[in-house]
Amino acid sequence: MSELVPGESIELLSDDPATLSDLLAWGRMTNNFVEAQGPETFHITKK
Amino acid sequence: MVRVTGNFVKESPLHPKAQAALAAAFDAGWADPKKLSQVANRANRMRAEAIESLAQLLSLRIDEIEVLGEPLLGHYLSIAGFATGASTNIFYGATSRSEIIATARSFTPHEIAVGLKGDIQISPSTQSGIFALQIANGETGVIAPSQQIVDAYPNALIACDATTTPNISLLPNRWDSALFDSQSWAGPAGIAILGIRNSKLWKNPFPHIGIKRVPQSYSLPLLLSSVVALEAWRNESELRQLNQSLRARIAKEVHDCDIAGDLDKSLPSIASFSFLYCHGEELVRALALRGFDVDSGSACTSDDLAPSHVLAAMGVLTHGNIRITLHDGSTQDDIDALATAIIESVAQLRAQR
């Protein structure tokens, strides 16, 4: 994430059932924007 | 008070009086209280005294009290005893115990979301059914606004889950069943008290022959020991200050840490911390090596590798989670040592990644 500029996104693929909940929590704690694009696909955007 | 140094898991040793009572109870109270012999008579008297004491300490009427020898069944009983069919509405917060959620799903479930602080998002409803009301959460300590909930559901029966504290001042002014757990007052496992206030509507939901409201197969010696523990239980409000100092130090000295729920709306004895960039299991082990036993809500530490549904429902991080229970007799020195151990362990684990 440190390599991104604000507004840039990365895509995360994960089948771990805890991913959505924990990724949202991480986003809240680190001030990044997280969005689920499907059951195992997540977009993280640096704010 | 028996203290196990470094014990910060949910369970604690029996109070010495409760332990002594247990031995005496097995000597004198092994007989079936319902039979006619002299020993049975004595057992019956011991039971009657125990029930009287319970009635006083939990503000229940004697005829409201049922004793359960399998506490987790109480979660099903306290709701199903009032459910009239599979279409019965069961309302419950998302941070309810999994036994409550499972019971609700066997009828018509209505899950109510909670916010980041574990606060249940209640809006008034005229619906009928049963509200499974969790008085205080066992993982985070968060206390529900019970009276507010009861007032918002005037047409629903109220089944209280009071298994995490014997503090009856937290109960609402109206309820139909209430479940208490012996372990919440450092009594022995294997005893729960079910208060059935609405006996008119109550129906034993298990297949049964006869008039018993619940299966009555608990251990009398365990009940006697549990009552002694409840009599010795001290309201743990003095733990609140220790809890506050622990939370403050962790919040100050560890970055990227989630603390589940605010202390001023929680039971005084519980604190739950989630640390980013840490595995719950590794942290539990690291602390155990330093002589501190703690619980965890992380997926890696659970039987079914699923993260705590309580933390997930709140939107709190489930990774790197540890849960602390403060027991009667904990000192500031204990807390300082625990805090140092946590701070150092988290730093070490993070440095290794």
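Author: Helices (H or I, at least four residues) and strands (E, at least two) are DSSP runs, numbered from the N terminus. The model is predicted: local features need pLDDT of at least 70, side-chain atom pairs count only at pLDDT 80 or more, and totals for chains, interfaces and linings use all residues. Residues are numbered from 1 along each chain as its sequence is written, with chains lettered from A and ligands numbered from 1 in the order written.

Reader: What pattern does chain A follow along the sequence?

Author: Chain A has one helix and three strands. Its C-alpha trace spans about 30 × 20 × 15 Å along the principal axes. Read along the sequence, the pattern is β-α-β-β.

Reader: Is A:Val34 buried, partly exposed or exposed?

Author: A:Val34 sits in strand S2 (residues 32-38) of chain A. A residue is buried with 20 or more other C-beta atoms within 10 Å of its own, exposed with 12 or fewer, and partly exposed in between, C-beta atoms being placed from the backbone. A:Val34 has 19 such atoms within 10 Å, so the class is partly exposed.

Reader: Which residues is A:Val34 in contact with, leaving aside its neighbours within four places in sequence?

Author: Contact means C-beta atoms, placed from the backbone, within 7 Å. A:Thr45, 11 residues away in sequence, lies 6.4 Å from A:Val34, but that distance is C-alpha to C-alpha. The contacts of A:Val34 are A:Leu23, A:Leu24, A:Gly27, A:Phe42 and A:Ile44.

Reader: How many residues of chain B are in contact with chain A, and of what class?

Author: Eight residues of chain A take part, against 12 residues of chain B. Ala, Val, Leu, Ile, Met, Phe, Trp, Tyr, Cys and Pro count as nonpolar, Asp, Glu, Lys and Arg as charged, and the others, Gly among them, as polar. By class, the side of chain B has seven nonpolar, three polar and two charged residues.

Reader: Which exposed residues does H4(B) carry on the face turned away from its buried side?

Author: In helix H4 (residues 98-105) of chain B, B:Ile100, B:Thr103 and B:Ala104 are buried. They cover an arc (from directions, helix axis to C-beta atoms) of only 100°, which puts them on the same side of H4(B). Strand S5 (129-134) and strand S6 (156-162) of chain B are among the elements covering these buried residues. The face turned away carries B:Ser98 and B:Arg105.

Reader: Which residue in S6(B) stands opposite B:Ile130?

Author: Seven of the seven residues of S6(B) are buried, so the strand is largely enclosed by the rest of the structure. S5(B) and S6(B) run parallel, joined by six bridges; pairing needs at least two DSSP bridges. Opposite B:Ile130 stands B:Leu157.

Notes:
Two residues are in contact if their C-beta atoms, placed from the backbone, lie within 7 Å.
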